[in-house]
Amino acid sequence: MNSKPQAIIFDLDGVITDTAHLHFLAWQQIANEIGIVIDEQFNDSLKGISRGESLQRILQHGGKAGEFGAEACAQLAEQKNRLYVHSLRQLTADSVLPGIRELLVTLREEHIPVGLASVSLNAPAILQALDIRAYFDFCADAALISRSKPDPEIFLAACAGLGVDPQHCIGIEDAQAGIDAINACGMLSVGIGAGLNGANLQLPSTEFLTWPCLSAFWQNDK
Ligand code: B16
Ligand code: MG
């Protein structure tokens, strides 16, 4: 039995910082412009889902799935991204969720490799804005991924980049699609927040996500 996991792989949105609300505001503006109403509850179903797929879900939600061709969809997605990227200017080092920076520091001290598995093409810029890029040994490139969560592709890419075996790693997620992705690649899953099914460990918020907690969880399960 290994006393420590080979790596810890983090989701970004909802685990490291709360960008879900910013995604929501940008999508809401785009949806309004084409006569579709979305609310925060619907937005939950877009967590971990790529930009293009999110747009398809919004169109379907509004009963307009067949009304926009590929070019129109690309334009809407680009417009949404412009709004979203503009809103990211408000992120600072203080926008890291409670406990996360401390955990990243401890994982460095414990020599445990850290990876990022976000399907956001904006992830590198967000880590820079939060001033935590240096704590990540490898960030999977969302541009090289063809299937968003719940497919395990992004988590497998993070493990491959770190040179670790998924079976010996922990993945941390706040979205159901992300928990399903972690479980599908044989990693141990940690869920943050309520309403998630199938997480191997469920914590109410990031404040509870400490190295002693993860270490005890690892040793109990392995
Ligand atoms: P972008 P994660 C995901 O990030 C978000 O949860 C999801 O809402 C968003 O649509 C997706 O990134 C793509 O983001 O438009 O910035 O490329 O949860 O995988 O960290
Ligand atoms: Mg997330």
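How many salt bridges are counted between domain 1 and domain 2? In this predicted model, the count is 0.

Domain 1 is built from two stretches of the protein chain, 7–18 and 95–221, while domain 2 covers 20–90. The C-alpha centres of these two domains lie 24 Å apart. Where the domains meet, 12 residues of domain 1 are in contact with 14 residues of domain 2.

The size of an interface is often given as the accessible area lost when the parts come together. For domain 1 and domain 2, that buried area is about 1000 Å², and carbon and sulfur atoms give 48% of it. On the side of domain 1, Asp13, Asn122 and Ser148 supply 38% of the area buried against domain 2, more than any other three residues.

Although the count of salt bridges between the domains is 0, 5 residue pairs are found in polar contact across the interface. The side of domain 1 that touches domain 2 comprises 5 nonpolar, 3 polar and 4 charged residues.

Asp13 also takes part in the metal site. The magnesium ion (ligand 2) has three protein donors: Asp11 (OD), Asp13 (O) and Asp174 (OD). Along the sequence, the donor residues follow the spacing D-x1-D-x160-D.

Are Asp11 and Asp13 buried or exposed? Asp11 has a relative accessible area of 4%, and Asp13 has a relative accessibility of 15%. Buried means under 20% relative accessible area, so Asp11 counts as buried at 4%, and so does Asp13 at 15%.

Conventions: Residues numbered from 1 in each chain as written. Chains lettered and ligands numbered in written order. Predicted model: local features only at pLDDT ≥ 70, side-chain atom pairs only at ≥ 80, totals over all residues. Heavy atoms only, no water. Donors = N, O, S within 2.8 Å, 3.2 Å for Na, K, Ca; no water. Buried < 20%, exposed > 50% of the residue type's maximum accessible area, 1.4 Å probe, protein only. Domains from an automatic or database assignment. Contact = heavy atoms within 4.5 Å. Buried area = accessible area lost by both parts, 1.4 Å probe. Salt bridge = Lys/Arg side-chain N within 4 Å of Asp/Glu carboxyl O. Polar contact = N/O pair within 3.5 Å; in protein donor to acceptor, adjacent residues only side chain to side chain. Nonpolar A, V, L, I, M, F, W, Y, C, P; charged D, E, K, R; others polar.
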